[in-house]
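Colleague: Could you walk me through this one, please? I would like to go slowly.

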Amino acid sequence: MSEHYEKVKVQLEEQMKAPAEDAGGEAPADPPPAPALPATAPAPALSRSARRETSRTSVHPRNRSKSRGKASSRDTNANVRQDWDKCKGLSRLGSEQMLQIKGTGKILQGKTETNGSKEEDRGENGKEKGSRVVQKRRSVTVDTSKAKTSLEALKLSIKQLKWKEFPMGRRTACDIYWHGVSFHDNENIVSGQVNKFPGMIEMLRKINLSRAVRTMQELFPEEYNFYPRSWILPDEYQLFSTQIRLLKDNDSTLKPTFIVKPDSGSQGDGIYLIRDPADLRAFSGAQVKQAVVQEYIQKPLLIDKLKFDIRLYVLVRSLEPLEIYIAKEGLSRFCTEPYQEPSQKNLSHVFMHLTNYSLNIHSGNFVHSDSCSTGSKRTFSSVLYRLASKGVDIKKVWSDIIALVIKTVIALVPELKVFYQADIPPGKPGPTCFQILGFDILLMKNLKPVLLEVNANPSMRIEHEQEVSPGVFEYVPSPVDEEVKVGVIRDTLRLMDPVQKKPHMANLLGGASEEAIAVEAGSEERVRLVESLPSLCLKQVFPKYMKQFNYLRMVERIADIFLRFLGVKGTMKLGPTGFRTFIRNCKLSNSSFTMASVDILYIDITRRWSGMVPDSREAGMGLQAFVEAFFYLAARRFKALPLREQVLSLLELCESALEGQGHVEKSRAQKQHSGINPAPPHTTALLITGSNEPYLNGLMRSQQL
Ligand code: ADP
């Protein structure tokens, strides 16, 4: 290893150990490329089947054998793991010894079995046999009956923690329920913890995510410029066309590209690139599909001439108080065809433009590597090493990524709270929730991270399909996946351990290390177990960086007001009476804004939103519509101020009015709890420059009222 590389490695380890101490740091100033309009023919279809036909690898289902657990696959596993260990330059240790990779939370143990591959250690139904230590205390119980594709990694994690797995479910309550899809996979859970939040899937659909981020962009355009400009189809087709035409009129040399993504699509399905609004396929047929059309990032950072993206795992440990953790290790997924900027000729080249593993695996160029730093799927840290060796300030990259994650979660929280209260109303017995999310991030050539999407159910598979001989496919262990994903699941479980005392409170109060997990007094076995585990690969970023980001939580404060007037009956929509009560209690009506005007405002906004969200569960005013009404009221009341200060002023007015009416306890407690600073010192320093469609619409309507 060269001296230079050694130096860089040490530097990186130091940086990864305490990343983002300056996490409020904003991204480089370069804005994303502005769109323009060249008239071109529609892009060729990129259907999945067509794409597969172009790939050189053929998949023969009859020849496939699911061989995980069989001897051949185990051998591969052992070989792969040896190579994997070598790739980190780490020697094998004795059975009791462990070597921790500084800063990543990774640990290598002398025995490969410690990853849980020795089935004989576990009896049927996952019952632990051997350890006397485990028998002394009550094991944490995990219902894995609905875990689906994350099962393998989950089993390994439970085994490492010496917890008790219930693969067929249990008649009495479990401490933790691991669901593969949604909060509702098991019904009627009244206690314990579930690994999904109600409403997360809905919130992370492409349209809802775009809407949530857009609301934040209206208030904080600079802070939320990490999300590409997006339009929601079919509602905003006209707006999209008009804006692109105007841009083209202004500068005919601009040649923008757009990426069209079906609302509920995943794994690249149904995605295509266009260069002109007229090429949108949804508009050629009778059926108009819900989709997002988004500015395509034309200049991504390339490694080995290939486009790649980053999959980072993020744990939302709780909504109230907000707690966010980021896994220090992630995955980088590479395209399999050298990248060229989009042109009419290459628009349909999926292996060049889309980084999805599920697509590129079908390319003849896909490289399965036993090394963490080569091949088509690598660890994120190996990419950072590579960038650091070229002189890139990876600490800045990492802190920008942390900021992106925190801001995105802050954008999602308001609506998630509404879903949460609807499913688990205060006072009704129910579980608490946590969730691992998969953030897909692209680095631009200028190193600015861009959010592509957030997955509510990121793949936790730790094996992949491989052609072991011509035409014969097997599921073989994927060391890169296992390394990253087992760590994420195991550490999530550790953080959710119901027996441990809450480490986050210790952090809040005394700044104790996040990795020092407090345990019940007298539970020496647990202390020993905790000490024998690797340090956490999950890094707490919120409330740790609360001070830098709390000023962004304005929509959450609006949601708190909305929730108060919603009541606790499991509803998500505000009726006209609830809206009137809000206006009255906050003292917002007067002679120039009568209750009749309030009713018109309610009907107007509610009707428009119910047209935009046709599949909504019930009638009434949802949170997004309420936020628009709130912005409108703020603009009406504080005309002279920029939007953000208008909203902030109205929030303060409403909160103090409600405090005076018996809401004081909750309001104060909530502010303390969430650490919300109602008037951030730098509020006025920021300029509002973004487009404010709903706000402008609101102003126009105010003329009519
Ligand atoms: P899916 O859920 O179907 O995977 P994504 O939003 O993740 O949809 O997009 C699929 C892939 O397309 C991404 O992994 C990325 O490679 C590429 N991509 C998505 N959005 C953009 C964009 N705005 N600019 C450039 N590439 C993008």
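Predicted model: local features only at pLDDT ≥ 70, side-chain atom pairs only at ≥ 80, totals over all residues.

Colleague: How many bridges join E8 to E10?

Modeller: Five bridges join E8 to E10 (residues 291-295), and the two run antiparallel; strands count as paired if DSSP finds at least two bridges between them. E8 also pairs with E9 (residues 272-274) in the antiparallel sense, over three bridges, where Ile259 stands opposite Leu273 and Phe258 has Ile274 as its bridge partner.

Colleague: And what is the order of the strands in the sheet?

Modeller: The open sheet has four strands in the order E7-E10-E8-E9, with antiparallel pairing. Its edge strands are E7 (230-233) and E9, each of which pairs on one side only, and the twist averages 25° from one strand to the next.

Colleague: Which strands does H7 touch?

Modeller: H7 packs on the sheet and touches E7, E8 and E10, with its direction at about 135° to that of E7; contact means heavy atoms within 4.5 Å. Helix H8 (residues 237-250) lies across E7, E8, E9 and E10, running at about 140° to E7.

Colleague: Why is E8 called largely enclosed?

Modeller: Four of the five residues of E8 (residues 258-262) are buried, so E8 is largely enclosed by the rest of the structure; buried means under 20% relative accessible area, with a 1.4 Å probe and protein chains only.

Colleague: Changing topic, at what angle do H7 and H20 cross?

Modeller: The axes of H7 (residues 206-219) and H20 (residues 623-637) cross at roughly 15° and come within 12 Å, the axes being lines fitted to C-alpha atoms over the stretch in contact, with angles from 0 to 180 degrees between N-to-C directions. H7 and H20 are therefore roughly parallel to each other, a label for angles under 35 degrees.

Colleague: Which residues in H7 meet H20?

Modeller: Asn208, Arg211, Thr215, Glu218 and Leu219 in H7 meet Gln624, Val627 and Phe631 in H20.

How values were computed
Residues numbered from 1 in each chain as written. Heavy atoms only, no water. Parallel < 35°, antiparallel > 145°, perpendicular 65-115°, else oblique. Buried < 20%, exposed > 50% of the residue type's maximum accessible area, 1.4 Å probe, protein only.
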